Amino acid sequence: MRDAVIVEAVRTPIGKGKPGGALADVHPVDLLAHTLRTLVGRSGVDPALVDDVIGGCLDQVGEQAMNTTRYAWLSAGFPESVPATTVDRQCGSSQQAVHFAAQGVISGAYDLVVACGIESMSRVPMWSNVPPGADPFGPGLAARYPEGLVPQGISAELIAARWSIGREEMDVFATSSHRRAARAHADGLFDAELVPVATDAGTVTADESVRPGTTPEILAGLRPAYADPAYAERFPQIDWSVTAGNASPINDGASAVLIASGETAARLGLRPKARLHSFAVTGSDPLTMLTGVIPATEKVLRRAGLRLDDIDLFEVNEAFACVVLAWLRETGADPAKVNVNGGAIALGHPLGASGTRLMTTLVNAMHQRGARYALQTMCEAGGLANATVLEAVTA
């Protein structure tokens, strides 16, 4: 059977997703184009050989409308003959792009394909694709869930309550994320994956949201982000412990990976960084919505024929600290193996770009630490989750 290998992986530094953020002046098409140009340039492949480009993006409206991935490829100056598409599986969009790309390679539909992601939350704010007064759910869903679904922040509070995860534990976890990310930057662990971005204000070379001086004491001073009297009455178990400090921020960024069959990589003289071993996607309760990482992890391990102890490194997206902490409770994974170079709480979460950002960081961490197997999983709005197992490629 054909295999699929990652032969190159890059990401931009992650900027704050607000006016004045480090990348706020860069059009999302240009930001992704710069990332694609660097990806192809570093690999040395002829871009005309790429069979498809699959990109993730959530808010596909305004400057991110009209199939952003296609126009980013053209903006990069690459051949018009190469097609592209843009997919939305919420926060896991570009991880899903990796799945589609790798599955295409394994099936024989592709030999060489790009999976990537983009989100410019400073220029296209979250929920821009839902006009005021619009109902994106419809009467059938309302009938199925008559009490109503809830925003992600309330889901995070429900997870914290269900798993008895307190404010202090979440703040300690968030502090660790910042410390790990700051140390990784200081030690040059991101150097191989980062794509500096030139802006009118200067060249952006580092993730803007990392705060090395963060402490649990500082985070303890932040107010709950989602406290609401109506939800407090509906869910009396919530103690309102989720804050801006123990959740991921709003960000801008882009990322991309180049995937080939093993045979194609050998023919083109490309050195594989990791093999895409196994894939899973699952649904879960849309009320708590963020717990899908737990069954997704179980499912992908079962498909891979591996045990949790076989996995050397994990990337579990830090949408909220309580999501990773609940995952740790249920899986029993070693926290020392999880998000070893920091996670989204520190590095940032540019929605559509996060899946391939995590994978880029994970591939490099595997190389740095001599890992054989690694697992990535992401929670996604609507009660979804992706999971991927990577395997090191030995010479």
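Visitor: Leaving aside neighbours within four places in sequence, with which residues is C379 in contact?

Guide: Contact means heavy atoms within 4.5 Å. By that criterion, and with neighbours within four places in sequence left aside, C379 is in contact with C91, L290, V293, A319, V323, L384 and A385. Please note that this is a predicted model, in which local features need pLDDT of at least 70 and side-chain atom pairs count only at pLDDT 80 or more, while totals for chains, interfaces and linings use all residues. Residues are numbered from 1 along each chain as its sequence is written, and side-chain values use heavy atoms, with hydrogens and water left out.

Visitor: In which strand does C379 lie, and is C379 buried or exposed?

Guide: Helices (H or I, at least four residues) and strands (E, at least two) are DSSP runs, numbered from the N terminus. C379 belongs to strand β11, residues 373-380. Buried means under 20% relative accessible area, exposed over 50%, and partly exposed in between, with a 1.4 Å probe and protein chains only. C379 counts as buried because its relative accessibility is 2%.

Visitor: Which positions does UniProt give for the feature "active site"?

Guide: UniProt positions are given in the numbering used here, feature names are shortened, and annotations may be inferred rather than shown by experiment. The unreviewed UniProt entry places "active site" at C91, H349 and C379. These residues are spread over 289 residues of sequence, yet they cluster in space, with a largest C-alpha distance of 12.2 Å. From this set, C91 and H349 are taken into the lining of the largest pocket.

Visitor: Where is C91 found, and which residues does C91 touch?

Guide: C91 is in the loop between β4 and α3. With residues up to four places away in sequence not counted, C91 touches L58, H349, L351, S354, G355, M378, C379 and E380. C91 counts as buried because its relative accessibility is 6%.

Visitor: What is the place of G92?

Guide: G92 is in the loop between β4 (84-87) and α3 (93-107). Its relative accessibility is 0%, so G92 counts as buried. Beyond the residues up to four places away in sequence, G92 touches M378, E380 and N386. From G92 to T377 the C-alpha distance is 8.5 Å, although they are 285 residues apart in sequence.

Visitor: How many residues line the largest pocket?

Guide: On a 1 Å grid over the protein atoms alone, a pocket is an open set of points with protein on both sides within 12 Å along at least five of seven lines, and lining residues have an atom within 4 Å of a point. The largest pocket is lined by 37 residues, of which M126, W127, Q152, M289 and A381 lie nearest its centre. Two or more residues of this lining come from each of α4 (139-144) and α5 (152-162). Its volume, the space filled by probe spheres set on the grid points (joined across faces, edges and corners), is about 1,000 Å³.

Visitor: What is the volume of the second largest pocket?

Guide: The second largest pocket has about 360 Å³. Its lining has 13 residues, with R271, P272, K273, H367 and V393 nearest the centre.

Visitor: Which residues does UniProt list for "domain: Thiolase N-terminal"?

Guide: The unreviewed entry lists residues 5-261. Over that span the chain is 33% helix and 17% strand, with its end C-alpha atoms 6 Å apart. The annotation "domain: Thiolase C-terminal", also from an unreviewed UniProt entry, covers residues 271-391. Residues 271-391 are 36% helix and 25% strand, and the end C-alpha atoms lie 14 Å apart.

Conventions. On a 1 Å grid over the protein atoms alone, a cavity is a set of points where a 1.4 Å probe fits but cannot get out, and a pocket is an open set with protein on both sides within 12 Å along at least five of seven lines; lining residues have an atom within 4 Å of a point.
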